[in-house]
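Here's a quick briefing to read with the model open beside you. Have a look around first, then work through the points below.

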Amino acid sequence: MSQQNLHPVHSATSYYVDVILPLAIARPYTYAVPEELVPEIQVGIRVEVQFGKSKLYTGLVMRVHHEVPNQQRPKPIISVIDEQPIVTEQQFKLWRWMAGYYLCSLGEVMNAALPANFKLTSETRVTLGPLFHQDPALLSDKEYLVAEALSIQEELSIEDLQDILGQKTVYPIIRRLLDKRIVYLKEDLQEKYRPKKILCVRFQEPFASDPNSLHLAFELVARSTKQETALLAYVQTSKQQEFVRQSELIRQSDTDHSTIKAMVKKEIFEVYEREISRLGSYEEDTLDAATLAPQQTRALGEIKAHFADKGVVLLHGVTGSGKTRVYLELMQEVINQGGQVLYLLPEIALTTQIIERVQKVLGDDVMVYHSRLNHNERIELWQKVQAGKGAVVGPRSAMFLPYQQLSLVIVDEEHDPSYKQRDPNPRYHGRDTAIILAHQFGAKVLLGTATPALETYHNTQKGKYGLVLMNDRFGGIELPEIIIADARKAQLEQRMYNHFTDTLIDELKAALERGEQAILFQNRRGYSPTYRCPTCAWHSECVNCDVSLTYHKFQEMLKCHYCGYSTKLPTECPACGSTGLTMQGFGTEKIEDELKIFLPDAKIGRMDLDTVRGKNAHAKIIGEFEEGKIDILVGTQMVTKGLDFERVGVVGVLSADQLLQFPDLRASERGFQLMLQVAGRAGRKHRRGKVIIQAFNTAHPVIKEVLEGDYAAFYGRELKERHEFAYPPYMRLIRITLKHKKPQVVNDAMKLYAHWLKQQLGEWVLGPAVPYVGRVRNYYLLDVLIKLEMNPQKINFAKKHIHAATEQIKQTQGFSNVRVSIDVDPY
Ligand code: ADP
Ligand code: ZN
Ligand code: ZN
């Protein structure tokens with residue numbers, strides 16, 4: 001970094017600003033405002049400041065004042081970056097609540113809340129945007145200098161820019177160039193944007209250009225009613241639309257893929273790929289923005305009635321009951337009245353499927369905030385929201401947008417554990433924080449799910465939240481039939497096909513024969529979770545973590561799912577040299593492999609972390625399944641989330657008992673939710689579906705409750721257990737984890753830390769204890785768990801002491817680099 005020539009602090013200066021830095025430091029940091037910058041200073045703008053010896057940061061002004069700080073002489077701010085605030089007072093309010101509730105710093109909240117483009121750092125690199133037409137008239141001299149340099153050199157660092165401009169302050173210029181779309185941040189252009197492709201059907205020649213030849217086509221299909229219907233449907237639809245989707249044609253003619261295939265063979269149709277835009281305005285037909293079913297109308301009325309005296313309402317509707325349509329209706333009403341709506345979804349459920357459905361009803365009123373947006377698109381959306389525009393659909397991070405008149409928040413699949421951010425700070429829960437956000441705006445909250453979180457349901461029973469039910473599936477389709485397949489019994493009677501019961505295989509075969517699809521759910525990825533030596537009991541373990549390595553067949557590797565460590569598969573036992581190493585258990589990869597043996601004609605696809613790594617891979621798999629290129633989709637919990645496929649006749653759950661055995665207070669709740677959710681993917685449109693739940697131990701009460709689809713029974717039993725063991729929703733939990741590379745250091749630090757806490761909080765403090773996985777990435781872990789009654793004063797008292805103990809441990813000799821992570825409501 002070049003030499004420091006900071007603006008001198010004028011002694012007459014009496015303006016100070018508290019600045020949030022993108023760091024874990026406890027408090028905003030105070031800077032002096034040099035006189036010449038005073039007119040430009042306001043709350044909510046970014047400034048360039050120095051922190052520590054020489055590091056430059058962009059920080060956010062959260063307060064302007066005259067209080068002389070009693071720390072050493074404050075440094076001056078170096079430059080002002082924004083002319084207008086980028087963050088509103090409302091946003092600060094939410095941030096403050098989060099920092100206080102989740103015990104983290106405002107800087108950490110800011111990091112989660114601001115899009116990357118707002119966070120220029122000394123590592124930022126810029127490059128010329130694709131739209132740059134060199135029109136010097138539009139640029140200031142300095143801006144032009146940068147643009148010109150970039151047309152020669154591909155990318156420039158902050159330091160390069162300082163040299164080129166001959167000045168230290170460059171952030172304001174970068175910001176203006178970003179605004180004008182002349183430069184981009186480097187990482188942005190690495191995100192290749194790929195448009196979505198759909199399969200469409202069109203006529204081959206001569207039918208395509210000669211309408212008089214149509215009778216020839218009808219002659220060709222005269223002997224098949226199905227083909228005839230498909231042809232008729234095509235002729236009709238193609239009159240109204242520019243293009244005809246294969247899936248739509250199949251649906252409208254009530255035929256199947258083999259019908260279309262046969263017609264392609266007869267040289268009537270051809271199937272081709274067509275690109276459709278993801279972001280642009282909605283360009284497809286909006287034929288069936290259909291009217292509400294009676295159940296939906298009733299639910300809508302009840303929701304609105306509850307909103308008269310309740311801030312939060314739970315819509316508890318079985319899978320396929322048509323909840324989405326109810327949300328959309330409510331959103332439309334709010335938008336028409338000029339209010340803003342936030343519709344939250346778990347990230348993985350934000351598929352093109354749901355986005356299309358939302359756009360179909362709301363059209364251009366809705367903006368989608370998803371992970372495929374690049375930085376500039378994010379900023380664009382930010383500005384539209386700030387201007388008070390319509391509705392946003394997005395994952396939990398969408399709640400950080402600068403809303404002006406938020407009137408309604410919808411939290412879809414509110415039970416979903418992925419609403420919780422586990423790492424890093426802020427470890428916040430999207431649903432709970434959204435409720436606070438709504439409260440700050442006086443907005444209403446609608447939570448929706450088929451399997452409510454225990455907390456949420458409890459709140460309806462206490463009368464705190466309104467409750468609205470939808471017990472029937474849309475279109476009168478019955479909920480799927482659930483069959484329990486007892487794997488232990490099947491094994492005794494030698495009716496197992498490797499890991500599949502005969503029941504499961506038979507049902508899969510029958511479904512495929514009917515031209516249906518199937519989904520198989522297994523909560524583990526990879527091929528086999530344990531690789532061991534039967535001679536000496538050696539088993540493969542991670543070198544960095546206390547977990548066993550999972551065998552991944554495709555790469556012939558053993559991999560750690562905690563740290564990513566991988567190693568080649570040993571051919572002999574590293575301990576005793578024996579060559580008879582064996583595998584135990586199975587993951588999705590193995591299921592896929594074995595299915596190919598028993599169902600050789602089926603097209604099998606897999607959806608888990610390993611297959612959705614690429615940017616569009618997830619959408620691609622879903623698209624292939626939708627288009628019928630995949631018959632059976634095997635996957636982890638990703639396949640359970642909110643997907644709506646027409647032709648899924650059978651759903652299989654492979655290790656139901658394993659789901660329920662995790663050493664976690666929520667194992668039963670999660671298992672119940674997962675099973676009912678994945679079951680809900682079956683038989684949604686045409687005929688009643690079947691769900692096969694396979695387990696070795698079928699006696700678990702949750703399995704019975706799933707079989708009967710009995711939420712009330714599950715809720716009653718589970719709640720009783722939570723009460724007995726003093727767990728949420730009766731108590732609040734805070735888990736604190738200390739980490740260090742040396743076990744002795746973490747032991748000593750925790751001894752002291754727990755001692756301090758116990759002095760203040762007594763029996764509320766449980767532990768310390770080694771967590772389920774006691775070492776991760778070479779860090780040794782120790783936990784304490786704080787159990788608190790639902791009493792705000794006591795909770796605040798506890799938080800104050802946790803905060804103090806955490807500060808103190810960092811200042812204790814020898815413990816300064818012990819990591820402390822605090823998780824409030826560890827779900
Ligand atoms: P949920 O979200 O409750 O699981 P969905 O909203 O996905 O249920 O609805 C189930 C199916 O019913 C979807 O395929 C959807 O397109 C269809 N559907 C729901 N409401 C309507 C309606 N009013 N008109 C036409 N189709 C509807
Ligand atoms: Zn051995
Ligand atoms: Zn590891």
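Predicted model: local features only at pLDDT ≥ 70, side-chain atom pairs only at ≥ 80, totals over all residues.

Residues are numbered from 1 along each chain as its sequence is written, chains are lettered from A and ligands numbered from 1 in the order in which they are written, and side-chain values use heavy atoms, with hydrogens and water left out.

**Overall build**

- The protein has 26 helices and 36 strands; these are DSSP runs numbered from the N terminus, with helices being H or I of at least four residues and strands being E of at least two.
- A compact globule of 827 residues would have a radius of gyration near 28 Å, and the protein's 30 Å agrees with that. That radius is taken over C-alpha atoms, and the globule rule is 2.2 Å times the number of residues to the power 0.38.
- Along its principal axes, the C-alpha trace spans about 95 × 70 × 65 Å.
- Of the 827 residues, 55% are buried. Buried means under 20% relative accessible area, exposed means over 50%, and partly exposed is in between (1.4 Å probe, protein chains only).
- Accessible areas come from the Shrake-Rupley method with a 1.4 Å probe, and for residues only the protein chains shown count as cover.

**Around ligand 1**

- There are 18 residues around ligand 1, and Thr291, Gln296, Gly320, Lys323 and Asp644 come nearest. A residue is near the ligand if one of its heavy atoms lies within 4 Å of it.
- That shell splits into five nonpolar, seven polar and six charged residues. In this scheme Ala, Val, Leu, Ile, Met, Phe, Trp, Tyr, Cys and Pro are nonpolar, Asp, Glu, Lys and Arg are charged, and the others, Gly among them, are polar.
- Helix H12 (residues 323–336) gives the largest share of the shell, three residues.
- On the backbone side, a polar atom of Thr291 is 2.8 Å from a nitrogen atom of ligand 1, and a backbone N or O atom of Gly322 lies 3.0 Å from a ligand oxygen.
- From a side chain, an N or O atom of Arg357 is 2.8 Å from an oxygen atom of ligand 1.
- The protein buries 84% of the 550 Å² that ligand 1 exposes when taken alone.

**Helices to look at**

- Seven of the nine residues of helix H5 (residues 171–179) are buried, so H5 is largely enclosed by the rest of the structure. The buried ones are Tyr171, Pro172, Ile173, Ile174, Arg175, Leu177 and Leu178.
- After H5 comes Arg181, with a positive phi near 60°.
- Gln227 sits in helix H8 (residues 225–240) and is buried, at 8% relative accessible area.
- The side chains of Gln227 and Lys266 are joined by a polar contact of 2.7 Å. Such a contact is a pair of N or O atoms within 3.5 Å; within protein, one must be able to donate a hydrogen and the other to accept it, and residues adjacent in sequence count only if both atoms are side-chain atoms.
- Beyond its neighbours within four places in sequence, Gln227 is in contact with Val221, Thr259, Ala262, Met263 and Lys266.
- Gly716, in helix H24 (residues 711–724), is partly exposed at 36% relative accessibility.

- Thr88 lies in the loop between strand S5 (79–80) and helix H1 (89–101), and is buried at 17% relative accessible area.
- Leaving out residues up to four places away in sequence, Thr88 touches Gln386, Pro402 and Gln404.
- Glu205 and Pro206 are joined by a cis peptide bond, with omega about 5°.
- Another cis peptide bond runs from Gly767 to Pro768, with omega near 10°; Pro768 is in strand S33 (residues 765–769).
- Gln494 has a positive phi near 55° without being a glycine, and is exposed at 73% relative accessible area.
- Asn778, not a glycine either, has a positive phi of about 70° and is partly exposed at 30%.

Terms used
Contact = heavy atoms within 4.5 Å.
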